[in-house]
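The following questions and answers concern the structure shown here.

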Amino acid sequence: MKYSRFLTQVSRNRQPSLIREMTNLLAQASPELVFMAGGLPNAQMFPFQAGSITLKDGRALTIHPKLMMDCLQYGPTPGYPPLVKQLKDLTQQLHSPPRWAEMDLIVTAGSQDGLCKALEMMISPGDYVVTQEPCYTGTLSILKPYKPRYLPISGDQNGMCPEALKAALSKWKPEEVQDTEKDVPKVLYVNPNACNPTGVSLPEDRRQEIYKIASEYNLIILEDDPYYFVQFGDRKDFPPSFLSMDVDCRVIRFDSFSKILSSGLRIGYVTGPKPLVERIVLHAQVSLLHAPAMSQVLVSELLKLWGDEGFFKHTDAVQAFYLDQRNAMLEAAEKHLSDLCEWAVPTGGMFLWLKVPKIHDTWDMILERALTKNVILVPGKAFMCDSSKPCQYMRAAFSIVSPENMDKGCKNLAELIS
Amino acid sequence: MDYSKFISKLSSRRKPSCISELRRALDNCSPSLVWLASGMPNPEKFPFREMTVTLEGGKKLTLSKETLSAGLQYGPSHGYLPFRNQLKRMVEQWHAPPRWAESDLIVTVGNQDGISKALDMLLDPEDFIVVPDPCYSDFLCMLSSLAPQIVAVSVDDQGMRPDILQSALEKAISSGSTGIPKALYLVPNSCNPTGTNMGEERRQEIYAIAQQYDLIILEDDPYCFLQFNDKYLPSFLSMDVDGRVLRFDSFSKVVSSGLRIGFVTGPPPLLQGITLHMQASCICPPMLSQVLIHELLTSWGDEGFKKHISDICQFYKEQRDAMIQALKTHLTGICEWIVPEGGIFVWLKVLHLSDTSAMLLERGAKGDIVLVPGREFMVDSTKPSPYMRAAYSCVTPEEMMKGMENLAKLIQKEIELQSTHT
């Protein structure tokens, strides 16, 4: 695939920093080499010497002095090497990308920073963006300043509809736009599992159809998958990722530890074609330099301690928790809202997407009156590409709220709607 | 000041997320409010329960349950509140900014990310940005991708020359471009790569010129605590009567580079653009890093912080002294240099070579010495440069001696090589 077609001028302009390149000389140098090229501060002057983290299962992660130096000193932009290896192994294990040898991986400060840099790499003001609608607000925030021409693709209880995607792209002939750079869609954004905000997942056959269409029109697929491990059901039944079917090498996949290990540590990772990941690495090189080192070391040590078995045991427990939360939420919704709202059962994650058929637009109801009824949720308009159009939907999160409060919340919501 | 003229077209279109607007509702809500709005993951499922760190000297810091909790969950885009408040107290104490009441402070993922986002916020491609020449290479890297108009200003032993700055700005304004000179970037203390400090009078001259041409001053100051003579020159922030300074501070040389924590102080309308970009990208600066530094600074208090700074200055001063000794021993008559009063760099000029790049990049490793060629720091990297940057932060005095001996041999060989070619 020719990747330069997808890059903005700013991204094409990016060059590696010579000083970081020179650090590579250290790898092949003789032990006699006196290296005075890097501008590293002396890590012996950093005041933290060692550390210890106790886990909830009682075990401890020890940060001995040498490991503490890895936590505190500048590191390579793609990520802390042991963690990069672990994540590559995990990705290969879970997805077996068909063109793995042509792909690369970078650890990012949260998966959204990876997504932001990927979009900034490809989108110029006014460009087309093909996206599921409703769409995650974070993605809309990234794109807003570019005033993109959205091609919003509607969905149902099984996610994005391939027919709608085909229809949206039908004004172009695939063979005419394959290599065109300007004025054609080049990017498709999708949240395939437990989508934010709809809570639904794309089944396998739809993914294959969507991939085929993306291939015909030569689109890069941005597979944003932070709820991968919070899908309900057996892991062996998870539908295959876009990455796992990526025979063209057109998928950039965004993974996150925010829902399963910690959101505050700011650790996510991006997997994609080498030429595109390289552009993201170059951007990171001149901005944040790398994802926070201590966070990376902690995640790496934790994964090492747990091994595969421990890791999946943990993700299964997280999934079971959110399933209980979902069931409690559905119970509360059925009790109070069955005459007033419609919804699809979430297949993972933490969101319930409620439709209020009797109301034209939930925005004013929530922003002006919800507080008086002691319940707040997010009006659906926030997730729409065109925020001038009315929206009958609302998003409720059931991650943190207790079953008692879910009941109260739905009761209050029923009053608000009435 | 009218800040809207400084904001790039792209940045002016950034908006806060709807969810952050909703969060404002929390400020005055009743305790029976059921909050179903934010997509925060449940922290009960995070596997970490307790954290203790041991400081130099053996003292142990244990994070309380609440503090560790804060360290593991999403936080505000502009920084963990107790940490921000702590930093604000410190900034007020050190700089007494004349417009402190109209200033704000945000935490960033390292100060370089703050600078990168400031440039994204300020520059449209037709705009001008003023830089010293030579300039910090990563900053030039940022500019090479954004490709704005660059106004390069030569330096002397105090940094940017005001006379050259003035004439360069005049030239830019009369160039007929649709863009305007928007910002001026400098590293006033222990400048990377030259190691020089800008004197107080010079700072006032530069500030006056910035006023005259209505520029934002990007004060990049990661080495402010690494000054060897206990002489702290007044920052641009401390003389900022107009509200035109964005000051970038860093913990990377003092507490940790890997934790990725820096902070930016300046006028809220300019910080807003950076914060909104942070909200869309990394969502918030790393919480655990912020929590740890906050706990550390709390445990130290002002006295402990001063002592730590004094200790690291002592260390880097000794490193500098050893470096100068090595230079005098092996490079007298071969190179020229200015003795740095702080920081970690020495800027060397080779007396009988016009360019150091090929020597260092192609033959340096074999000669067992690697420094950064001066060309890397020049705005026009096609022109030859006889300079080199040496960092003395991480090498031992013995290595410095050996390194400078190797360098002398390398230069000698290079001079011979050049003469056989002419």
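**Aromatic pairs and the fold of chain B**

A search of the whole structure, over all chains, finds 21 aromatic pairs. This is a predicted model, in which local features need pLDDT of at least 70 and side-chain atom pairs count only at pLDDT 80 or more. Residues are numbered from 1 along each chain as its sequence is written, and side-chain values use heavy atoms.

Q: Are the rings of B:Trp94 and B:Phe305 stacked or edge-to-face?
A: Rings of Phe, Tyr and Trp (its six-membered ring) pair if their centres lie within 6.5 Å; planes under 30 degrees apart count as stacked, over 60 as edge-to-face and the rest as tilted. The centres of B:Trp94 and B:Phe305 are 5.8 Å apart and their planes are at 20°, so the pair is stacked.

Q: How many residues apart are B:Trp94 and B:Phe305?
A: B:Trp94 belongs to helix H4 (residues 81-95) of chain B and B:Phe305 to helix H10 (residues 287-331) of chain B. Helices are DSSP runs (H or I, at least four residues), numbered from the N terminus. The pair links distant parts of the chain, and the separation is 211 residues.

Q: Is B:Trp94 buried, partly exposed or exposed?
A: Buried means under 20% relative accessible area, exposed over 50%, and partly exposed in between (1.4 Å probe, protein chains only). B:Phe305, at 7% relative accessibility, counts as buried. B:Trp94 has 31% relative accessibility, and therefore counts as partly exposed.

Terms used. Chains lettered and ligands numbered in written order. Helix = DSSP H or I, 4+ residues; strand = E, 2+ residues; numbered from the N terminus.
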